[in-house]
Amino acid sequence: MTTANQASPIPAAAAGQPVDPRLHAIVERVLGDLHAAVRDLEITEPELRGALGFLTEVGTAGEWQLFSDVLGISVAVDANSHDRLAQATASNVEGPYYRPDAPLVSPPVSLCGDDEPGEVLLVSGQVRAAGGQPLPGALLDVWQTNQAGLYEHEDPSQPDWNLRRRFTAGEDGRYEFRTVAPAAYQIPHSGPVGRFLAALGRHPWRPAHLHLKVSAAGHWPLTTMLYLDGDPWLHDDTIFSVKPELVVALERHERPEDMAARGLDQPFSTASYDFALEPVG
Ligand code: MBD
Ligand code: FE
């Protein structure tokens, strides 16, 4: 009888040679599972060539992060990394479209210009430590799509850095920012990952979401997403990442006096969310 281990080309550590035991364990296990699949499914040479060509294309198209996301691997790794932070706000994956060093702005914070198309959304809340104390000066780094479901970097009609901002919470840990409600989002699907989804009968949709990184000295930084209640894709996210505790209700304001109080002449929505960060150590 053959076993996966006998098929593994990874030698046991040779005496006196440096070996990375973690890498050794990962490669041996993953290769063991792959060998089992090749044997059990009787994978053919054309199938292998097809797979290698596909994986090459994923790299050429710069879609490896996206591929990991649609395979559910990114969400699984996020769970390994963060489930032990039981007292912190639930984490979520960073996704492929974070840009570090977004413009750092001060109150009143807006993620976009006042003329940004879409319904104004005001998001507010407090950043606290797991024990409940406010975290003054916590840093928030937020990025999202516009109302048409496009990120700034994939849409030449948006200004550079549109809907990407960093700002700090106040002395009481409170924050507030203005934006427009993001739309449900189709991940790029004209490349190899899109072909992969289509071949499996899967759709490319994600529910509308805001990405946030929240950090404060002495606490584990949080990367997460907020989803908008009522979105049709909340229960069918193509990267499997929705957590019920990250879904926020929107309150719509249509009274002229409410609009005037905010300096707006259109109905708008508000949402509130408090973040908890877990102390290091
Ligand atoms: C996205 O907008 C996203 O947030 C993730 C995680 C994957 C693909 C597209
Ligand atoms: Fe996203």
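1. Ground rules. In this predicted model, local features need pLDDT of at least 70, side-chain atom pairs count only at pLDDT 80 or more, and totals for chains, interfaces and linings use all residues. Residues are numbered from 1 along each chain as its sequence is written, chains are lettered from A and ligands numbered from 1 in the order written, and side-chain values use heavy atoms, without hydrogens or water.

2. Iron site. Y151 (OH), H209 (NE2) and H211 (NE2) coordinate the iron ion (ligand 2) at 1.9 to 2.1 Å. Donors are N, O and S atoms within 2.8 Å of the metal (3.2 Å for Na, K and Ca); water is not among the atoms, so the site may look incomplete.

3. Spacing. The donor residues follow the pattern Y-x57-H-x1-H in sequence. Y151 sits in the loop between β3 (139-144) and β4 (164-168), and H209 in strand β8 (residues 209-215), so the pair ties together parts 58 residues apart in sequence. Strands are DSSP runs (E, at least two residues), as are helices (H or I, at least four), numbered from the N terminus.

4. Burial. Y151 is buried at 1% relative accessibility. H209 is buried too, at 2%. Buried means under 20% relative accessible area (1.4 Å probe, protein chains only).

5. Cavity. The whole structure holds 1 cavity of 30 Å³ or more. On a 1 Å grid over the protein atoms alone, a cavity is a set of points where a 1.4 Å probe fits but cannot get out; lining residues have an atom within 4 Å of a point. The largest cavity has about 110 Å³ of space, the volume being that filled by probe spheres set on the points.

6. Lining. Of 14 lining residues, D69, G95, P96, Y97 and R206 lie nearest the centre of the largest cavity. α4 (64-70) and β8 each supply at least two.

Technical notes:
Buried means under 20% relative accessible area, exposed over 50%, partly exposed in between (1.4 Å probe, protein chains only). On a 1 Å grid over the protein atoms alone, a cavity is a set of points where a 1.4 Å probe fits but cannot get out, and a pocket is an open set with protein on both sides within 12 Å along at least five of seven lines; lining residues have an atom within 4 Å of a point.
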